[in-house]
Amino acid sequence: MGSIAAEQNVEVLVIGAGISGIYMLYKLRELNISARVLEAGSGAGGTWYWNRYPGARFDSESWTYCYSFSKDLLNEWDWKEHFAPQAETESYLNFVVDKFNLREGIQFQSRVSSAHYDYSHNQWKVTTESGEVFNTHFLVTAIGSLTNPVLPRIPGITKFKGTWTHTGLWPKEGIDYAGKRVAVVGTGATGIQTIQEVAKSAGTLTVFQRRPNWCSPLGNRKIDAKEMESIRARYDEIFSICKTTPGCFVHQFDSRSVFDVSPEEREAFWEKHYYEPGFGLWMGNFRDVYTDKKANALLSEYVAKKVRERVKDPKVADKLIPTDHGFGTRRVPLETQYLEVYNQGNVELVDLNEESIERVTEKGIKTSKQEREFDVIIYATGFDPVTGSFNAIDIVGVDGQRLKELWAPGPKTQLGFLVSGFPNMLMAMGPHSALGNFPRSIEYSVEWIANLLGYARDNGISVIEATEKGQKEWTDHVRTCSEGLLVNDVDSWITGVNSNVDGKKTRTLVIFNGSAVDYRARCDKVARDQYKELSLKI
Ligand code: NA7
């Protein structure tokens, strides 16, 4: 007879060992609060552990994306590129884990399948897929916003006899695609990074595009030792700048309207930002480009002109220019010679508005026009956005309330941290929180939660919960801050849409679209007032 494993008790259980979970463990250790992290992968890194597809790299400057909490760490780690590739970032996160002796606090290959709140014992019963059970007083979700990869709903995907994968599940041993016939489905930020890298060595590359995305050049460069020293000397200044911008990037919006300047000045401004490294064109633009349709149309026309300049065949260029949304109203992919890929003789762009995919066959992909044969099919079709990370776990609160059902019409949260009816569940970077340049927001989010848990410990508080009033106010505030933004008129993960997920076909407010500066000020006030706006019980 097999023995039943004993249930384990832990004060704080953290789900996920990505950037949030790693730092959460560090902070809890600092507070002398006992904690365990459960991580689905066999290594640390979260997004940077799973997304090892070709070309995966930062779109934020490496030196704005790293942790800022430790001077030693900033002194010891040298970034090799301005926009680090996945392997460098994965090494960095492992370096952090080892430097602070966090590894033994993380239990790998432990995917959490359910978390049920037990009212009578005031604890969460957390179960992993392998059947381990943990009883924890506090549950911290550090599960990211884009962690649940989604395949397209195309019949026959598993029938394909060649190699196939989703970018977010890229195998550690890699896929040999050099010289092979490769297909990529999807042209979001991930698809674009994959396509431009795979095109370098694939025999043929066929891109299946449903909707094109506006993109702008990444401008990556290597960082030599001398430049790294000058970056290091500026770290304080860099992180302070990130604290002043709405999206926590180093790029700041221009306070002028598009219409305050002459067409020539406007063109020169956009030209400068188009070619500067990083998100300058997206995040450093005129103040009205994402609220005024006419302003946005001018910007979009400028970027369309760039596409026409860079892509030789005007018919292909037209297919690469979005017509259903303006520049910056979806997440802008940054690229390196992406558009030029379509000038290569071995690359074909299949516009799915002209021929739709009917099914995947044993040999390849059959559209309404023809069957194409492939050796490798790569699905760059995105994730079940934001609430999808939560929906992948059966989370049940007071009175048997399922989080997935409560959030079906859209998430409800207090400050993105707490949900009424789910006591002692704290969400690092939960829905309705400010995202932007993720690690900048992650550090804030983790510190806020750690401070709250420290306060609870010091004041004998055993139950922390959102209030109905506070939750309604915050959820309404998230809506108010979103009013008038063009981003709301477009289907994308930012508006909670994924056409391949049931219940995610219509837009909902899943993130806080206001400024991260205001978000932090609001959350700071709650902490300063000793969390009186929350429901705290001894
Ligand atoms: P995204 O941005 O959600 O992009 C997914 C892409 O896959 C997008 O081009 C979709 O087309 C396409 N897609 C989805 N389903 C299909 C089907 N059935 N057929 C054809 N094409 C399809 O995900 P990413 O992984 O690129 O990026 C997510 C974030 O991760 C990114 O913003 C970064 O922050 C990191 P659509 O546009 O919906 O027509």
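This is a predicted model: local features need pLDDT of at least 70, side-chain atom pairs count only at pLDDT 80 or more; totals for chains, interfaces and linings use all residues.
**Exercise 1. Find the separation of Pro 314 and Phe 383 in sequence and in space.**

Solution. 
Step 1: Along the sequence, 69 residues separate Pro 314 and Phe 383.
Step 2: From C-alpha to C-alpha, Pro 314 and Phe 383 are 32 Å apart.

**Exercise 2. Describe the setting of Asn 498 and list its side-chain polar contacts.**

Solution. 
Step 1: Asn 498 belongs to the loop between helix 16 (468-482) and helix 17 (516-528).
Step 2: Its relative accessible area is 7%. Buried means under 20%, so Asn 498 is buried.
Step 3: The side chain of Asn 498 reaches the backbone oxygen of Phe 383 at 3.0 Å. A polar atom of that side chain also lies 2.8 Å from the backbone nitrogen of Asn 500.
Step 4: Leaving out residues up to four places away in sequence, Asn 498 touches several residues, among them Val 150, Thr 381, Asp 384 and Lys 504.

**Exercise 3. Characterise the ligand site: which residues are closest, and how much of the ligand is buried?**

Solution. 
Step 1: The ligand is surrounded by 19 residues, the closest being Thr 187, Thr 190, Arg 210, Trp 493 and Asn 500.
Step 2: Sort the shell by class: 8 nonpolar, 7 polar and 4 charged residues.
Step 3: A polar side-chain atom of Thr 190 lies 2.6 Å from a ligand oxygen atom. For a side-chain N or O atom of Arg 330, the distance to a ligand oxygen atom is 3.0 Å. A polar backbone atom of Ala 380 is 3.3 Å from an oxygen atom of the ligand.
Step 4: Alone, the ligand exposes 780 Å², and the protein buries 85% of that.

Methods: Residues are numbered from 1 along each chain as its sequence is written. Side-chain values use heavy atoms; hydrogens and water are left out. Helices (H or I, at least four residues) and strands (E, at least two) are DSSP runs, numbered from the N terminus. Buried means under 20% relative accessible area, exposed over 50%, partly exposed in between (1.4 Å probe, protein chains only). A polar contact is a pair of N or O atoms within 3.5 Å; within protein, one must be able to donate a hydrogen and the other to accept it, and residues adjacent in sequence count only if both atoms are side-chain atoms. Contact means heavy atoms within 4.5 Å. A residue is near a molecule or strand if one of its heavy atoms lies within 4 Å of it. Accessible areas come from the Shrake-Rupley method with a 1.4 Å probe; for residues, only the protein chains shown count as cover. Ala, Val, Leu, Ile, Met, Phe, Trp, Tyr, Cys and Pro count as nonpolar, Asp, Glu, Lys and Arg as charged, and the others, Gly among them, as polar.
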